[in-house]
Amino acid sequence: NSSDLSPPSFLLASIPGLEAAHFWLAMLLCSLYVVAVTGNCAVLFIVRTEPSLHAPMYFFLCMLAAIDLALSTATVPRVLSFYWFNTREIGFSACLVQMFFIHTLSAAESTVLLAMAVDRYVAICHPLRHAAVLTNAATAKIGLVAVARGVVFFLPLPLLLLPLPFCSSRLLSHSFCLHQDVMNLACANTTPSVVYGLTAILLVMGLDAILICLSYILILKAVLRLAAWKERLKVFSTCIAHICVVLAFYVPLIGLSVVHRFGRDLAPLVHVIMGNIYILVPAVLNPIIYGVRTKQIQRRILNLI
């Protein structure tokens with residue numbers, strides 16, 4: 001029975017009512033993608049060539065830039081191909097591979113954001129121990145752990161979907177493949193996939209968010225113990241860029257999760273827009289935020305220009 005077999009392909013979602021404007025929408029997405037690639041490559045180049053930036057915080061920033069480059073590159077070119085050339089179908093295997101990279105890289109980015117929060121905590125609350133705790137070797141190990149953690153937790157997601165039968169509906173809610181989206185098209189019991197997916201999200205992104213909040217509670221306690229307001233503001237200002245980057249990652253993530261869990265009756269336009277925001281906004285904003293907040297990066301960018 002062909003209805004019991006895995007489908008040969010899925011159909012990517014378009015923006016309802018704007019099919020005639022796909023070319024210009026693709027131009028907008030392409031422009032954002034170029035900004036993301038240029039900004040993150042600039043961060044990688046500047047940190048690599050500027051000896052004064054060879055510190056754990058900027059090494060973590062390089063990891064963040066590399067993850068954003070990989071995440072946007074795993075999705076945006078395929079979306080542009082759909083909008084420009086109307087290649088709406090994506091093969092089942094290609095969809096699972098894309099899903100794996102999206103969720104794994106998102107988990108790695110969450111881990112790096114947690115490591116950056118710990119870096120700020122140690123630098124502010126235990127400044128004398130900072131150099132001994134966060135060495136270059138320790139920073140490299142954290143990067144490897146971030147990637148390994150994403151692979152270990154999210155590799156089972158496509159494997160759980162692989163044996164499921166899919167019914168006649170092949171239309172996704174986004175212009176790329178996400179676990180919740182593909183899972184909803186299966187015409188079999190998806191309870192194991194639902195339970196594992198929710199558990200993985202809570203143990204990775206959820207736990208990281210809690211630990212980041214805990215780090216900033218401890219940082220605030222240390223800052224408030226300082227006598228002068230100017231000194232408090234000066235110390236806490238070193239955390240502003242990281243706080244903005246955390247919000248740029250977690251707000252779209254939470255919004256997308258809420259749309260998937262509780263927004264099935266929402267217009268398809270909401271799903272498409274939230275998906276594109278989740279993929280592109282952190283990659284575009286992260287280098288801009290750190291470029292504005294870091295004087296060394298500003299100077300090097302001006303020199304390059």
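Start by selecting C62: its relative accessibility is 14%, so C62 counts as buried (under 20% relative accessible area; exposed is over 50% and partly exposed in between, with a 1.4 Å probe and protein chains only). Its sulfur lies 11 Å from the closest cysteine sulfur, in C41, which is too far for a bond. Click on C41 next, and you have a partly exposed residue with a relative accessible area of 37%.

A word on what is on your screen: this is a predicted model, in which local features need pLDDT of at least 70 and side-chain atom pairs count only at pLDDT 80 or more, while totals for chains, interfaces and linings use all residues. Residues are numbered from 1 along each chain as its sequence is written, and side-chain values use heavy atoms, with hydrogens and water left out.

**The disulfide**

Now select C95 and C177. They form a disulfide with sulfur atoms 2.0 Å apart (the cut-off is a pair of cysteine sulfur atoms within 2.5 Å). Distant parts of the chain are linked here, 82 residues apart: C95 is in helix α4, and C177 is in the loop between α7 and α8 (179-183). Helices here are DSSP runs of H or I with at least four residues, strands are runs of E with at least two, and both are numbered from the N terminus. Check the torsion about the S-S bond: at -120°, the link is left-handed.

**Helix α6**

Move on to residues 136-154, the 19 residues of helix α6. At 1.5 Å a residue they should span 27 Å, and the end C-alpha atoms are 28 Å apart, which agrees (the expected span is 1.5 Å times one less than the number of residues). Which residues of α6 are buried? Colour T139, G143, A146, R149, G150 and F154.

**Salt bridges**

For the last stop, select R300 and E50, whose side chains meet in a salt bridge at 3.2 Å, N to O. R300 lies in helix α13 (residues 295-304) and E50 in the loop between α1 (22-49) and α2, so the pair ties together parts 250 residues apart in sequence.

Methods
A salt bridge is a side-chain nitrogen of Lys or Arg within 4 Å of a carboxyl oxygen of Asp or Glu.
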